[in-house]
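Biologist: I would like to go through this model with you. Shall we take it feature by feature?

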Protein chains: 2
Amino acid sequence: MLYFQPDGKHAPVKVGQTLLDAAQVLGVEIDAVCGGVGTCAECRVIVKEGRELLRRPTEYEVNSLVPEDLDFGYRLACEAVIKGDGLITVEVPEESRGTKHRLQSEGLDTHVKLEPAVNAFQIVVEPPVLDSPGSMYERVEQALKNVGVRAEDVDQGVLAGMGPTLRRLGWRASAVLYNDRRLIALTESGKPVLGMAFDIGTTKLAGYLMNVTSGELLSKVSRVNPQVVYGEDVMTRLAYILNEKEGLNRLVRSVRGAINEMIEEACSAASVPRESVREIVLVGNTLMHHIVLGIEPSSLGASPYSPVVNSSYAVEGEKIGLSGGSGLIAYTLPNVAGFVGADCVGDVLATGLDKPEGTRLLIDIGTNTEMVLCSESAMSCASSPSGPTFEGAHVRHGMRALSGAIERISIDQSLNVRYSTVDGTPARGICGSGVVDAVSEMVKRGVLERSGRMKGDGTLKGIVRSQHGLEYLVAGASDNAIKKDITVTQGDVREVQKAKAAIATGIKVLLDQAGFSGRDLDHVFVAGAFGSYMDIPSAISIGMLPDIPLNKMTQVGNAAGTGARMCLLSRRARQTAEDTAKRMRYVELATRADFQQTFLKSLELAPY
Amino acid sequence: MLYFQPDGKHAPVKVGQTLLDAAQVLGVEIDAVCGGVGTCAECRVIVKEGRELLRRPTEYEVNSLVPEDLDFGYRLACEAVIKGDGLITVEVPEESRGTKHRLQSEGLDTHVKLEPAVNAFQIVVEPPVLDSPGSMYERVEQALKNVGVRAEDVDQGVLAGMGPTLRRLGWRASAVLYNDRRLIALTESGKPVLGMAFDIGTTKLAGYLMNVTSGELLSKVSRVNPQVVYGEDVMTRLAYILNEKEGLNRLVRSVRGAINEMIEEACSAASVPRESVREIVLVGNTLMHHIVLGIEPSSLGASPYSPVVNSSYAVEGEKIGLSGGSGLIAYTLPNVAGFVGADCVGDVLATGLDKPEGTRLLIDIGTNTEMVLCSESAMSCASSPSGPTFEGAHVRHGMRALSGAIERISIDQSLNVRYSTVDGTPARGICGSGVVDAVSEMVKRGVLERSGRMKGDGTLKGIVRSQHGLEYLVAGASDNAIKKDITVTQGDVREVQKAKAAIATGIKVLLDQAGFSGRDLDHVFVAGAFGSYMDIPSAISIGMLPDIPLNKMTQVGNAAGTGARMCLLSRRARQTAEDTAKRMRYVELATRADFQQTFLKSLELAPY
């Protein structure tokens, strides 16, 4: 038997399986940024019993883990292969678990004219009598006509229960119509009409429960996308889909299950009945969009990275395994391209980028970073695989923005480090905003050259040389929760350089091909959870964001989710989304002649 | 354990259950015309083992079964209640089983312009390349535009598999559209587009598999409606729905399961893939229509007998548990009223009654008989609960038109009886057409008075007096398969009188309220399986049908099924059906002042 602690989940031992595979099948969350292909060394677990039932550590494990950890029983879950049957107990240490994100779900406050797709009409239906023939549905149609609505279609579920419902309600009902055309529910008069907007991120899911009639936000829920156990970025999940027969089904079930739970959770939090949820509006990157809709997405995994569908799409929730009230509709915003999805269209809506108000740039930073440049005349967009560095991956002591993550760092002239952690608890690692601060401060204090090279001549306080090369000490072992030095390594700096260069390159190419420079920008919107927490001056100083005045920069949080909320409340916003997606010209960075050169130049830790 | 022979079906004994309930749960077919309420005595079974585990025969059983049968182990399944656990073996004798109907599925030959709702278009899709963005679906839309079609919507299932499908087919495909608007399938070029028309009768189901592109009929299938185990007519099934918590679900599952099996069977018979079936078109009486669509129908069971929906309705097959090819649509013709359903609209289409061609009458005889009277100026219809007498119920030696059923009877002047049986096998009972012949001949030869009274003075050959009263011997015990005399009883004659009077009353009222008499009729169409087998002169002579020249009478078989086939092939026919259903004025017989008087007069066994 194979036991995972502290979850307590277990299964019979399967010889030949890796611990990561076993964990994924069981739904045990283990960080595996690389999707289990053996490059991120994030999936550290401790084998408490049954070490002898595993094959010996691989070379990669020996290189990735320090000897004392190996002795202690540490293994990389993706490398450790089971070779014999018996009791194996595996502990997933906290730093390897993907739990309780500090998720940012606020977004912008925007105003939309209330014009929801789902509306309720109070009707009085004429009961049938002998000398007035005609069916119940005809009577309902007539009652709707009496209030100025012409139903053209009716959901089978409504017909199925129409007789008992009308009798129970005494021939007075609330008729819920989709787009004023399709009757999707008959219910008691006065029941609220609810909807939920969802941002389906690669890493996090955010849901907003709203009364679509009043526009009121009733509750917000968020959680880690349970798909992270199958790989943390789009490409590793695509690889999982391509390589595992049941891969797509697992990802589909996993995210749909989470959405259904979130609907339940949001309704419960707001003390409203789930049966009143009539529509959900979804945004997400193109892969997430395809997976929720059950669309085989492998064309997104290879050039020319073609989506299966871009246009907005409405489907009965039932058909894609989503459950709310009867007649539930699931509506997705349009995509633009394989790597510019409906979430980016939501960003544009939320920031009003579609309106002709000067030259503006939107950057939504995530494991994939999307940028949209909008001038009076044109709208172009690009996508850059900035990677999960700012989520804490590829960084030796990196972690997500959980309790105990170092999120702010400053270094004074005497090279004393000061930091603060999420929730103020003892430090356990460094999250993205902390890493950006660290690099920025290290350059400022001369610990790092602009090229990214750490000064290793032994003269500077805090720099040590270990088996991992040079490291800069942020929080000493005596002072933190993990009882090991928390450092920024030379390797970490290189990862930050690559990630920020990917973002900067996209921005520069977009500006360049539109004939602009950073100085021409009237405004920059920075979206996404990390983008909203990071220190903008730090990001400018290391050359991630263009060097423009701070008053021209706005951190807009989960703008994609805000865009989804706007569409939940407004059919006009949907039309704008559709039009905008068609207007957005996608620029494929990788095929540009100047891409490589711009990228190399962008590695420098200096403002641009 | 409770075993049923010869099916071999079995289940644990449930004390308190009747044998009929147990049989229905197991799907063992036992005739129960009355729906198990204990009035028809059709559900005779033989308890072979475990008699002591049943409660003693009820008074009704003792009255219904002869003593030697009771001694032999005969019980009525609806009355026999299990009182103890142990082995109970029950044989369902052939006469109590509802199997292998001789079903009439030919219908009229009519001609329709081919204009099916489902069409395939051969398309060549431009594969995606780097400098031409846009999704696969947009490419398919463009390819459809190239052949003159504008897709407005796409089935989620098509999107789900679009990528792999297009790659597999080399970007050349057959795009299947519903109403030229909704893309419901992408498949190999040249695959046929198939559809099935169904007549969902109370007693029988008939299915026609067609190539909707060519109009070719590929195969025909039929079977007994498996719902008969829950009662043989509309009212007993409604009672079952009202009285049994799971009643509606059972009826729904039962008929949908049969439809799915028939699709499979028809495709297998024609050696075509079920995956190519894209639409099914259904007709049936209003209750059957509601049940197939899963609509709670209890409003049909009480005045004012209001249907839930009359208009034609299209729904995804998947939504109502029907399975054919992906994207399958189920389309139902419109109903007119609670007792004039889509099948009657099919009758009208098939007989061209909607066309202005003189004064014509259509009669579709079944357990419920519908009539439509059409003059140049108006179209009226009525429905009469003629009952299952002509299906062999309520008749002492009645049976359905199975092998061995006496279907034709003549009596010569010397009162010698001659008869023929279905399939020419030894007689087992008398079916509807035989009963009509018998009554007609008995009147002709003076065995019966016009009032229906059998001459019981002992002077006439063949008339005997038994515990059941007077009986007329048709086939002696030595001469038949059941080794008991097969007779027509005085009670049987009364049943025939009631049934034929119900039909005649409907006809007379319709004619009367339109200001016509039988002589004004230019033509009469007789539809339905029984109506097509019965002897028209016999039916006229006993006053079931109006007395008009035989050359003005046409037996049209399953016209309802033909109407469904027309709609499968033609969108115009659907429009006609919709318009016709709205034009047909429903006349409620029971509320007419002259109804009772007309009915009593119609009991007479004489032409009108």
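Biologist: How are helix 6 of chain A and helix 7 of chain A oriented to each other?

Modeller: First, this is a predicted model, where local features need pLDDT of at least 70, side-chain atom pairs count only at pLDDT 80 or more, and totals for chains, interfaces and linings use all residues. Residues are numbered from 1 along each chain as its sequence is written, and chains are lettered from A and ligands numbered from 1 in the order in which they are written. Helix 6 (residues 234-243) and helix 7 (residues 247-270) of chain A pack at about 130°, with axes 6 Å apart. Angles under 35 degrees count as roughly parallel, over 145 as roughly antiparallel, 65 to 115 as roughly perpendicular and the rest as oblique, so helix 6 and helix 7 of chain A are oblique.

Biologist: Which residues of helix 7 of chain A make the contact?

Modeller: Contact means C-beta atoms, placed from the backbone, within 7 Å. Helix 6 of chain A brings A:Arg237, A:Tyr240, A:Ile241 and A:Asn243. From helix 7 of chain A come A:Gly247, A:Leu248 and A:Leu251.

Biologist: Which residues of helix 6 of chain B are buried?

Modeller: Buried takes 20 or more other C-beta atoms within 10 Å of a residue's own, exposed 12 or fewer, and partly exposed lies in between. Helix 7 (247-270) and helix 8 (286-292) of chain B are among what covers the buried residues of helix 6 of chain B. Those buried residues are B:Val234, B:Thr236, B:Arg237, B:Leu238, B:Tyr240 and B:Ile241.

Biologist: How many residues of helix 14 of chain B are buried?

Modeller: Helix 14 of chain B spans residues 559-569 and is mostly covered. B:Arg565 is one of its buried residues. The count is 11 of 11.

Biologist: Which element gives the largest share of the side of chain A that touches chain B?

Modeller: The contact takes 35 residues from chain A and 36 residues from chain B. On the chain A side, helix 4 (136-146) and helix 5 (156-168) are the elements that give two or more residues. The largest share, 7 residues, comes from helix 5 of chain A.

Biologist: Where is the cis peptide bond that involves A:Pro304?

Modeller: A:Pro304 sits in the loop between helix 8 (286-292) and strand 14 (313-316) of chain A. In chain B, the bond from B:Ser303 to B:Pro304 is cis, with omega near 5°. In chain A, omega is about 5° and the cis bond joins A:Ser303 and A:Pro304.

Biologist: Is A:Ser271 buried or exposed?

Modeller: A:Ser271 lies in the loop between helix 7 and strand 13 (277-284) of chain A. Its phi is positive, about 55°, although it is not a glycine. With 8 other C-beta atoms within 10 Å, A:Ser271 is exposed.

Biologist: What is the phi of B:Asp180?

Modeller: B:Asp180 lies in the loop between strand 8 (172-178) and strand 9 (182-187) of chain B. It has 16 other C-beta atoms within 10 Å, so B:Asp180 is partly exposed. It is not a glycine, yet its phi is positive, about 60°.

Biologist: How far apart are A:Pro537 and A:Val193 in space?

Modeller: A:Pro537 belongs to helix 13 (residues 536-541) of chain A. It is 344 residues from A:Val193 in sequence. C-alpha to C-alpha, A:Pro537 and A:Val193 are apart by 44 Å.

Conventions: Two residues are in contact if their C-beta atoms, placed from the backbone, lie within 7 Å. Helices (H or I, at least four residues) and strands (E, at least two) are DSSP runs, numbered from the N terminus. Axes are lines fitted to C-alpha atoms, for helices over the stretch in contact, and angles run from 0 to 180 degrees between N-to-C directions.
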